[in-house]
Each structure stands twice: as C-alpha cells, then as structure tokens.
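Here is a short briefing to read alongside the model on your screen. Take it one topic at a time, and find each residue as you meet its name.

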Amino acid sequence: MKRRELFAVLALCLLSAAAGFGAWRWWQVQQAAELAQQRPDLEFRDLDGKPHKLSEWDGKLLLLNFWATWCTPCLKEIPLLVEAQREFGPRGLQIVGLAMDQRDPVEAFRTRLGINYPIMLGEVDIISGMDALGDELGAFPFSVLIAPDGRILDRTSGGLSREELRDWIDGKLPM
Amino acid sequence: MRGVIPSEARNLVRRSLVAALLGMTLPASAADGLLKKADGPQFLPVDQAFEIQPLEWREDGVLEVSWRIAKDYYLYRDRLRFTASAPASLKLGAPALPPSLPYEDEHFGQMQIYRDRLVVRVPFNKDAKGKVSVTVAYQGCADAGLCYPPQTRTLEAGR
C-alpha cells in the first residue's frame, strides 16, 4: 500500500510538471503568435498621393494584393479580384491593391481592367511593406489576408485561381 | 519488476508521460497552423531561380555573362541590359544574344524568353586593362505564376 501511494505521488508530480510545462509552452507560443500575427499599421499612398493606414479597413476582411504592371500573373489575377470584390464586398471583403510601379501605367491598367477597389502606389515603401507583412521572396503577386480585428490570417506568393481565391476567403467573411 | 510496481501506478505513470509529451508538442503544432501559407507551389528565391555566374573575360575584347535558369523559370530577352561600370574608359559594344524562345503573353503579346542556360557575349574596347566591372539588369518569372522585379548585379572580371 505504501509503495502504491509513493508511485501515485510520483505520478501526480510528473503530471503536475507536465501540465505546468505544457501551460508555459502554450503561453509562450500564444504570445509569439499574437505578436507575429497582428498586422503592423502600415501607411501607403494612393494614386493621388493621399495617405492611408491599414487600420482604415479594420472591421473588414482585408485582402492586400501586391502587384506590378510588368507582372503578367498579377494582371491575370486582377479580374478575379475585381469579381471577388463585387461579389463579397457586401459581406465585408475589402481588397486593396498595392502596386510597385509608376502612376501612369497603374492608372492605365486600373481603367483597362476595371479595378473596383483602392490602389496604393510606391516603390521602396511597397517592398518594405511586403517585407513587414511576412514576404520572403520580394516577388509578385503577393497577397495577405487580414482578419477584421487585424490578425494576419494567411499569406501567399503567386497568382491564385478563381477556386483558390474563393477557398482562401471562404468562411472568413465577417457577414 | 512487473510484480513490484502496482498496475494502477504504472498506468498513472504512463498517462503522465503521455501528458508530458502532449504538453511539449501540442502548442507548437497549434502555432504552426496559425501562420500557414496558402497551399500552392513553392517558389525559389530570385538568385536560385536565376543563378548569375561570375563574369568571364573570355579573350581580349569579349566579356561573357551567363545564368543558370532553374527548371520552370524564364528570363525575358528584352529586359536584359549591360552597362559599363568601371573603369571610366570601359566601353561596351552590342551584346551578342543567343537565339531565344517565343512566348505568347496574354497581356504583352509575343515575347522572347530564355530557359535553362543563357550565355551572352559582350564586346568591349580592347585597350581596357586590369579590372573591369559591368552592371547587368534582367527580369524573369516562374511558369507557376510569379514574377520577380527587375534585378541589377554588378560583376567584376580582371586580367
């Protein structure tokens, strides 16, 4: 009986240690994940030079799409983004295009592709924005999905197909 | 040993060990899922996609610039640029571009591209001596739907 109690105490000690260690790891990971996931409140300028902070779109499911006019996969993806904005905008999707380019070609493509969402423009600030949002390649297109509360939900490099885009935003719309 | 340690205590120890292992692994795997990338192709960093080789001084008056291009990646012919950086007396002639492959681009029409390997011979003034440096600009994409911004590299060769 004494030996049984001794083992029971030992087991309880082990269990407590495991629970404590697990809780500590969980807390550590939660802290790290929270820091890593919250989007920085970056500021970009639109085609008229007006500044916009990302927090302007808090409360929406924000899809940031980094692109350039010399990037064919970007131009191929934009009509799908236009379609998604039209269809899911009323349910809380907000797409914002961020072009690493000059104003004139971006303006021309905005008209040509009928872009129905805001476009930001820049060069160094666009690349540093991509970097701040977790990009590792510095290539286009690069997209980031941000929850209404500012958490970064996902990132992807390369053009998305219509199905991939729908899968990406499906179930994350606020309305 | 089986007769010494009671089975209840053995079970308790076993469960504690399982709990300890779960405590160590579960939080990490949960965090992995939070920042996952969308499923899709994995792309190479630009310098692995287009591996530029050291500048070669092939013979008097000819420099050779070459790239190893990864499978399923390509460089645009019309986005290649070669400019003399140093010395100030260095003058480059028209680069000898090898035959390229036609590529139908839905936005830019008929383009010319290079795959696998690209070697460009660039003539320069024969009186240039010592160390020369050339700035090379290039731009390319991946077939799976990604384009890298225009790249510039300054390469040196000496004799």
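Two residues are in contact if their C-beta atoms, placed from the backbone, lie within 7 Å. With that in hand, look at chain A: of its contacts with a separation of 6 or more, 68% are between residues 24 or more positions apart. Keep in mind that this is a predicted model.

**Chain A as a whole**
- The C-alpha trace of chain A spans about 85 × 30 × 25 Å along its principal axes.
- Chain A has a radius of gyration of 22 Å, whereas a compact globule of 175 residues would have one near 16 Å.
- You can count five helices and seven strands in chain A, and their order along the sequence is α-β-β-β-α-β-α-β-α-β-β-α.
- Of the 175 residues in chain A, 34% are buried.

**A helix to follow: H2 of chain A**
- Helix H2 covers residues 72-88 of chain A, and its 17 residues reach 25 Å from first C-alpha to last, close to the expected 24 Å.
- H2(A) bends by about 25° at A:Ile78, with the proline A:Pro79 following within four residues.
- A:Ile78 is also one of the buried residues of H2(A), which include A:Leu75, A:Leu81 and A:Phe88.
- The cover over the buried residues of H2(A) comes from both chains: it includes helix H3 (103-113) of chain A and strand S10 (140-142) of chain B.

**The nonpolar core**
- The largest nonpolar core has 67 residues, and A:Phe66, A:Phe140 and B:Leu75 have the most contacts inside it.
- Beyond its neighbours within four places in sequence, B:Leu75 is in contact with residues including B:Phe50, B:Trp67 and B:Tyr138.

**Backbone details to look up**
- The peptide bond from A:Phe140 to A:Pro141 is cis, with omega near -10°; A:Pro141 sits in the loop between helix H4 (124-132) and strand S6 (142-146) of chain A.
- In chain B, a cis peptide bond with omega about -5° joins B:Ala86 and B:Pro87.
- B:Asp72 is not a glycine, yet its phi is positive, at about 75°; B:Asp72 counts as partly exposed, with 14 C-beta neighbours inside 10 Å.
- B:Asp116, also a residue other than glycine, has a positive phi near 65°, and B:Asp116 is exposed, with 12 other C-beta atoms within 10 Å.

Conventions: Residues are numbered from 1 along each chain as its sequence is written. Chains are lettered from A and ligands numbered from 1 in the order in which they are written. This is a predicted model: local features need pLDDT of at least 70, side-chain atom pairs count only at pLDDT 80 or more; totals for chains, interfaces and linings use all residues. Helices (H or I, at least four residues) and strands (E, at least two) are DSSP runs, numbered from the N terminus. The radius of gyration is taken over C-alpha atoms; the globule rule is 2.2 Å times the number of residues to the power 0.38. A residue is buried if 20 or more other C-beta atoms lie within 10 Å of its own, exposed if 12 or fewer, and partly exposed in between; C-beta atoms are placed from the backbone. The expected span of a helix is 1.5 Å times one less than its number of residues. The bend at a residue is the angle between axes fitted to the seven residues ending there and the seven starting there. A nonpolar core is a set of buried Ala, Val, Leu, Ile, Met, Phe, Trp, Tyr and Cys residues joined through C-beta atoms within 7 Å.
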